[in-house]
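Please open the structure in your viewer and keep the selection tool at hand. The stops below say what to select next and what is there.

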Amino acid sequence: MSTEQQERSGFKVKVQRFGSFLSGMIMPNIGAFIAWGLITALFIETGWLPNADFAELVGPMINYLLPILIGFTGGRLVHGLRGGVVGATVTMGVIVGADIPMFLGAMIVGPLGGWAIKQFDKLIEGKVKAGFEMLVNNFSAGIIGGLLTLVAYKLIGPAVNALTDFLAAGVQFIFDAGLLPLASIFIEPAKVLFLNNAINHGILGPLGIEQASEAGKSILFLLEANPGPGLGILLAFMFFGKGTAKQTAPGAAIIHFLGGIHEIYFPYILMKPQLLLAAIAGGASGIFTLQIFNAGLVAAPSPGSIFSILALTPKGNHVGVLLGVIVATAVSFLIAALILRTSKDVEEGDLQKATEKTSTLKGKESRAAELIQPTTSKAISLADTKHIIFACDAGMGSSAMGASILKNKIKKEGLDVSVTNTAVSNLPADAEVVITHKDLTSRAKDQAPNAHHISVENFLNSPKYDELIEQLKK
């Protein structure tokens with residue numbers, strides 16, 4: 001690998017980690033976001049069941065509850081419960097110091113509060129006399145949290161407010177100029193490269209929530225979450241694919257469209273990168289359709305299931321939202337089918353074999369797949385393994401799916417081995433066996449260097465599961 005490729009690869013990993021950290025602040029609180037979205041869709045003046053009393057919940061939830069939850073979670077990610085308490089306290093400063101929902105502010109000051117109390121705890125470690133620990137702990141958190149709250153109120157809040165207004169003005173300019181569909185040029189490749197969390201949770205989500213708080217909906221929630229582009233590609237493989245790709249596409253389509261686990265279709269694009277054109281065209285067509293019908297959602301759907309999307313669609317927007325998904329699916333399907341039918345390098349055999357050609361097929365974009373594919377070595381004994389961990393970016397999508405599949409295989413063999421799933425950033429240092437997508441293996445190794453790592457191309461149907469079962473049986 002050349003120096004330039006290493007630098008690009010390192011940059012991609014850093015962006016992935018940043019996106020994973022943002023996701024770690026948002027994903028645990030998705031339930032609260034959905035609760036706010038449902039209350040908004042039902043009870044505001046233009047909702048399904050208008051109710052002035054219940055509608056009073058909308059403002060406080062979006063202005064106070066959700067940012068404070070984010071701030072607490074961000075602080076906790078950095079320094080446990082103490083970091084969470086300080087992070088939530090400091091978040092109150094940016095909330096009061098601004099006149100818009102402070103999601104970006106919470107993402108900044110929550111981790112900042114956790115970091116500050118973490119540095120203090122390191123400084124006094126081993127220096128507090130016995131019997132004074134509680135006094136020092138409580139007052140240090142209170143003093144540091146209070147001081148940072150004042151700073152957040154006077155400086156950080158107004159600065160984030162200005163930044164949010166600037167970003168919102170930029171989005172509005174793009175929207176007014178009719179250029180929003182072009183966002184798919186960046187969003188669809190970013191999804192396949194596992195960089196979608198940085199875009200979705202760092203930019204689109206906060207801006208979308210601000211728009212939804214003012215207009216009752218936002219199209220930004222559907223730029224990344226629209227399942228149409230991925231569904232169209234999987235349907236094309238169902239009809240025109242070959243080998244394992246064709247066989248697994250129907251199951252993948254169900255998991256993707258109904259379950260909302262979009263990662264399931266990424267390997268199908270990685271095995272034939274030309275299909276990015278289908279994803280981009282489908283995404284752009286879907287956005288254009290949503291614009292025509294002025295459609296949007298009241299909150300971010302997570303997972304990106306069609307059920308989540310329909311549940312968060314406000315009154316009068318279902319036709320536009322459904323057409324946005326249908327058009328994206330149709331355009332993606334037609335282009336993907338054309339590529340599969342006319343390509344000289346048609347896939348042969350299963351996905352594992354086909355994806356080995358990814359580096360050659362992708363050319364300059366091959367850095368997205370850092371061919372780190374450690375195999376399950378026969379020289380390594382896994383007979384005493386008691387716990388296997390699946391890890392993905394957020395710990396709630398493809399890893400859960402892979403864990404479920406392996407659990408069933410282990411159960412059939414009668415093996416006494418537990419299987420769980422988690423986010424890469426939450427891997428325990430004492431993990432025994434870790435299974436990740438190949439793009440995340442390097443990060444997993446950094447997090448759990450002593451574990452036995454298995455890298456797969458496709459969580460739905462990897463031959464390495466059977467190899468692992470055989471080693472466990474030995």
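**First stop: a salt bridge**

Begin by selecting D121, which is buried, with a relative accessible area of 17%; buried means under 20% relative accessible area, exposed means over 50%, and partly exposed lies in between, with a 1.4 Å probe and protein chains only. This is a predicted model, in which local features need pLDDT of at least 70 and side-chain atom pairs count only at pLDDT 80 or more, while totals for chains, interfaces and linings use all residues. Residues are numbered from 1 along each chain as its sequence is written, and side-chain values use heavy atoms, with hydrogens and water left out.

A salt bridge here is a side-chain nitrogen of Lys or Arg within 4 Å of a carboxyl oxygen of Asp or Glu. The pair links distant parts of the chain, since D121 sits in helix 5 (residues 103-124) and R82 in helix 4 (residues 58-96), 39 residues apart. R82 is partly exposed, with a relative accessible area of 23%.

**Second stop: the other salt bridge**

A search of the whole structure finds two salt bridges. Select D466 and K409, whose side chains meet in a salt bridge of 3.3 Å, N to O. D466 lies in helix 20 and K409 in helix 18 (residues 398-413), so this pair ties together parts that are 57 residues apart in sequence. D466 counts as partly exposed at 43% relative accessibility, and K409 counts as partly exposed at 29%.

The four strands form an open sheet in the order 2-1-3-4, with parallel pairing, where two strands pair if DSSP finds at least two bridges between them. Strand 2 (418-423) and strand 4 (452-456) are the edge strands, each pairing on one side only.

Select strand 3 (residues 433-437), which pairs with strand 4 in the parallel sense over five bridges. Along this pairing, V433 stands opposite H452, and the bridge partner of V434 is H453. Strand 3 also pairs with strand 1 in the parallel sense, over four bridges, and there A391 stands opposite T436.

Why is strand 3 described as largely enclosed by the rest of the structure? Five of its five residues are buried, so the rest of the structure largely encloses strand 3. Both of its faces are covered, with V433, I435 and H437 buried on one side and V434 and T436 buried on the other.

Then bring back helix 20 (residues 463-473), which lies across strand 1 (387-392), strand 3 and strand 4, running at about 155 degrees to strand 4. Such angles run from 0 to 180 degrees between N-to-C directions, and the axes are lines fitted to C-alpha atoms, for helices over the stretch in contact, where contact means heavy atoms within 4.5 Å.

**Last stop: helix 2 and the whole chain**

Select helix 2 (residues 30-43), where the buried residues are I30, A32, F33, W36, G37, I39, T40, A41 and F43. Finally, show the whole chain, where buried residues make up 53% of the 474 residues. Among its contacts between residues at least 6 apart in sequence, 73% join residues at least 24 apart.

Note on methods:
Helices (H or I, at least four residues) and strands (E, at least two) are DSSP runs, numbered from the N terminus.
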